[in-house]
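Look over the sequence and the model before reading on.

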Amino acid sequence: MTRTLYLLCSAAPPVFDVARIVEDAQARGWDVCLGLTPTAARWLGNSLDGLAVLTGHPVRSEYKLPGEPDVWPEADAILFAPATFNSVNQWAQGITSSFVVGVAAEGIGKRIPLVTTPCVNAAHVQHPQFERSVAMLRGAGVTVLYGDGGFTPNEPVQGLQGQPEGYPWGLALEAVETVAASSV
């Protein structure tokens with residue numbers, strides 16, 4: 001039996017480690033479909049063909065045209081990581097102008113097991129909307145790995161530039177396994 005994972009990524013430094021994460025998910029038995037925000041797709045522009053070969057599916061960053069067939073199999077689970085401040089807030093508010101946010105929002109309605117790991121800095125999380133968005137997503141059944149046991153915001157001047165290994169990818173993949181197993 002093949003399980004399909006939609007790996008959705010925003011433009012944050014951990015996205016540069018996405019090939020390794022795809023391989024880790026594949027080693028766990030997942031067929032991975034990779035979706036990127038337009039900015040993340042631009043950041044990984046030179047790697048998109050190789051990522052498509054690695055996953056065996058087109059890397060998507062835009063909605064398909066009406067009448068076009070869907071090129072991905074149905075998802076058994078969705079991991080949205082890294083999820084930026086903008087993506088988390090858009091998702092929680094139902095603003096689906098971005099393909100990956102639209103897929104994640106639809107995943108709630110389809111009751112697909114969902115995990116997200118934000119990647120935000122300490123200045124962004126001071127905005128009152130962020131905590132409301134995290135609470136809203138959790139209330140909708142999304143496993144949000146933020147705070148204790150998840151992603152801890154970094155200082156704005158530090159960023160994660162050159163430090164994607166500090167991002168909790170392993171925890172995110174473990175959480176996907178847990179939510180997928182509990183939904184069967």
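**Strand 1 and its surroundings**

Strand 1 runs parallel to strand 3 (residues 77-83), and four bridges join them. Two strands pair if DSSP finds at least two bridges between them. Helices (H or I, at least four residues) and strands (E, at least two) are DSSP runs, numbered from the N terminus. This is a predicted model: local features need pLDDT of at least 70, side-chain atom pairs count only at pLDDT 80 or more, and totals for chains, interfaces and linings use all residues. Residues are numbered from 1 along each chain as its sequence is written, and side-chain values use heavy atoms, with hydrogens and water left out.

**Pairing**
- L8 of strand 1 stands opposite F80 in strand 3.
- Strand 2 (residues 30-36) pairs with strand 1 in the parallel sense, over seven bridges.
- V32 in strand 2 is the bridge partner of L5.

**Burial**

**Cysteines**
- The count of disulfides (a pair of cysteine sulfur atoms within 2.5 Å) is zero.
- C9 is in no disulfide: the nearest cysteine sulfur, that of C119, is 11 Å away.
- The sulfur of C33 is 12 Å from the closest cysteine sulfur, in C9, which is too far for a bond.
- C9 is buried, with a relative accessible area of 0%.
- C33 is buried, with a relative accessible area of 0%.

Note on methods. Buried means under 20% relative accessible area, exposed over 50%, partly exposed in between (1.4 Å probe, protein chains only).
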